[in-house]
Amino acid sequence: MEAKVLVVDDSRTVRVRVRKLLESAEACQFQVTEAADGGEALKLFESTPLDQLPDIVLLDRNMPRVSGDACIRILKSDPIVTGK
């Protein structure tokens, strides 16, 4: 099984560590994409076809520009992303 994961964190070190952890998992294969903040994550969502959207979003809450909390509120209010 393969899952698409978006890792959103303003710390490059954290993003790299999470990527390495996910890519070394034996039970599941992960296709990892990274974003440096919520704004970058939202742009990725806008430019990604629906069938290629991530299955999982790992989102830091405390980031500059667009926080994780603000990002998740925006994503949850988007009927295309939520499928509602």
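**Fold and salt bridges of the predicted chain**

Along the sequence, the chain of this predicted model is arranged in the order β-α-β-α-β-α-α. In total it holds four helices and three strands, where helices (H or I, at least four residues) and strands (E, at least two) are DSSP runs numbered from the N terminus. The radius of gyration is 13 Å, close to the 12 Å that the globule rule gives for 84 residues, so the chain is as compact as a globular protein of that length. This radius is taken over C-alpha atoms, and the globule rule is 2.2 Å times the number of residues to the power 0.38. Residues are numbered from 1 along each chain as its sequence is written. Because the model is predicted, local features need pLDDT of at least 70 and side-chain atom pairs count only at pLDDT 80 or more, whereas totals for chains, interfaces and linings use all residues; side-chain values use heavy atoms, with hydrogens and water left out.

Taken along the principal axes, the C-alpha atoms fill a box of roughly 35 × 30 × 15 Å. Of the 84 residues, 27% count as buried; buried means under 20% relative accessible area, exposed over 50%, and partly exposed in between (1.4 Å probe, protein chains only). The chain exposes about 5,700 Å², of which carbon and sulfur atoms supply 52%. These areas come from the Shrake-Rupley method with a 1.4 Å probe, and for residues only the protein chains shown count as cover. Contacts (heavy atoms within 4.5 Å) were also examined by their separation in sequence: among those between residues at least 6 apart, 71% join residues at least 24 apart.

The chain carries 12 positive and 14 negative side chains, and the centres of the two sets lie 4 Å apart. In this count Lys and Arg are positive and Asp and Glu negative, while His and the chain ends are not counted. Each charge is placed at NZ of Lys, CZ of Arg, CG of Asp or CD of Glu.

Five salt bridges are present in the structure, each defined as a side-chain nitrogen of Lys or Arg within 4 Å of a carboxyl oxygen of Asp or Glu. One of them joins Asp37 and Arg65, with an N to O distance of 3.1 Å. This pair links distant parts of the chain, 28 residues apart: Asp37 belongs to the loop between strand S2 (29-35) and helix H2 (38-47), and Arg65 to the loop between strand S3 (56-59) and helix H3 (68-76). Asp37 is buried, at 9% relative accessible area, whereas Arg65 is exposed, at 65%.

Another salt bridge connects Glu23 with Arg19 at 3.0 Å, N to O. The two residues stand four apart in helix H1 (residues 12-23), so about one helical turn separates them. Both are partly exposed, Glu23 with a relative accessible area of 45% and Arg19 with 24%.

Arg61 and Asp69 form a further salt bridge, in which the closest N and O atoms are 3.0 Å apart. Here Arg61 is exposed, at 55% relative accessible area, while Asp69 is partly exposed, at 28%. Elsewhere, salt bridges that share partners unite Arg15, Arg19, Glu23 and Glu34 in one network.

Arg73 lies in helix H3 and is exposed, with a relative accessible area of 55%. Between Arg73 and Glu46 there are 27 residues of separation in sequence and 15 Å in space, C-alpha to C-alpha.
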